[in-house]
Amino acid sequence: MEDLIIIGGGPAGLTAGLYAARSRLKTLLLEKLSPGGQVLLTDSVENYPGFPEGISGFELMDRMRRQAENFGLDIQSREVIQLHLTPDKKEVVTANGLLESRSLILTMGATPRKLGIDGEDRLTGKGVSYCATCDGPFYRDREVAVIGGGDTAVEEALYLTRFATRVHIVHRRNELRATKLLQERAFAQERIAFVWDTVPTRIVGETGVATIELKHVKTGHLSQLRVDGVFVFVGYDPNNKLVKSLLELDSYGFVLTNNDLETSVPGVFAAGDIRSKLLRQISTAVGEGATAAFAAERYLENRT
Amino acid sequence: MADLLHVSDANFEKEIVQADIPAMVDFWAEWCGPCKMVGPTVEALAKEYAGKIKIAKMDVDTNRETPAKFGIRSIPTLILFKDGKVAQTIVGALPKGDIEEALKKLL
């Protein structure tokens, strides 16, 4: 039986693992892909302290992984299928066998939200994308639309101007929600055009995206925008499939915790993007990872 | 590593389309983070399915023709081939179990 199993290998999970390994807890980190999480979608991380010139998402996560492994963290590539939670024992059912632990830290993160409109699923990979750093280079000298007005949407729109001749930011409000610094950059960038008070209603195309149908939210007026690609950044949905029926969640499905990051089940902690909270950043995720590991250690001490 | 093939526009037809066993090609690029998440899985699968399914990678940065031919505009994309024809296309990084499920259908 493990002392602690951490599920998810993004910044929160790797930091929890680093702290747990240094505390000499018998710890296992399970990641269904390779460690890194959503940070791997980012070209350059500018708001994580300690890197004044910025750092690539891949480089940052590779460093976090190596740092945790240096202290003996055991990271295994396994997908968790089901959890059984009791006060004494947490059972973790994986694709290749059952694991048991005395405590858990949930760091499964979140996934970019889909628009849920006609044509989106059918054209995913054929013009519809959720990752500008992955797919931007396919749009050299083409026109693209970015849906959304938050930090990610504006950051990715700016990134896409390296390739696309024109980037249309389509936003349902008449102002951006993104950080002021990003707004300043976007307004100064000639290749970015803004389509305010507008939502996409349909993505049209046979073998690839040809046009998107847009609706003005105030007038209801419909229009068509000719683009070769649509990049969707309209928020995140929690990866809560494993715990939906086991833990208390907020109305959006994010996991509720107390100040010590313990969930509604004793011995089960949550950290990072999966948690119900105000701000989802690498910098908030790592702090929570450390707190969750410390809280798990204290939980284990009190039970022996 | 020896089981994992690296194909190019030049030898794609011969190595994949005309292969005498089913094949899977991982279209990737150095700039793509999620490609690196799925890379180790593809390498492991190449070992496990050696001799049964030909598993290959193609760098879309140095090879433009083949990805365009298959209409690829997102990576990672995995395309599974049987008898030289596309049997299934997987867009995005998926866990090993899901990829294996698709591979088993080729056998």
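I looked up burial in chain A and noted that 46% of its 304 residues are buried, where buried stands for 20 or more other C-beta atoms within 10 Å of a residue's own, with C-beta atoms placed from the backbone. I keep in mind that this is a predicted model, in which local features need pLDDT of at least 70, side-chain atom pairs count only at pLDDT 80 or more, and totals for chains, interfaces and linings use all residues. Residues are numbered from 1 along each chain as its sequence is written, and chains are lettered from A in the order in which they are written.

Next I turned to secondary structure, and found six helices and 19 strands in chain A, taking helices (H or I, at least four residues) and strands (E, at least two) as DSSP runs numbered from the N terminus.

I then checked where chain A meets chain B: the contact takes 24 residues from chain A and 17 residues from chain B, two residues being in contact if their C-beta atoms, placed from the backbone, lie within 7 Å. On the side of chain A that touches chain B, the elements giving two or more residues are α2 (57–70) and α3 (132–135), and α3(A) gives the most, with three residues.

Last, I followed A:T133, which sits in helix α3 of chain A and is buried, because 22 other C-beta atoms lie within 10 Å. Leaving aside neighbours within four places in sequence, I found A:T133 in contact with A:L41, A:T42, A:D43, A:Y159, B:W31, B:C32 and B:G33. The C-alpha atoms of A:T133 and A:R102, 31 residues apart along the chain, are separated by 39 Å.

Methods:
Buried ≥ 20, exposed ≤ 12 C-beta atoms within 10 Å, placed from the backbone.
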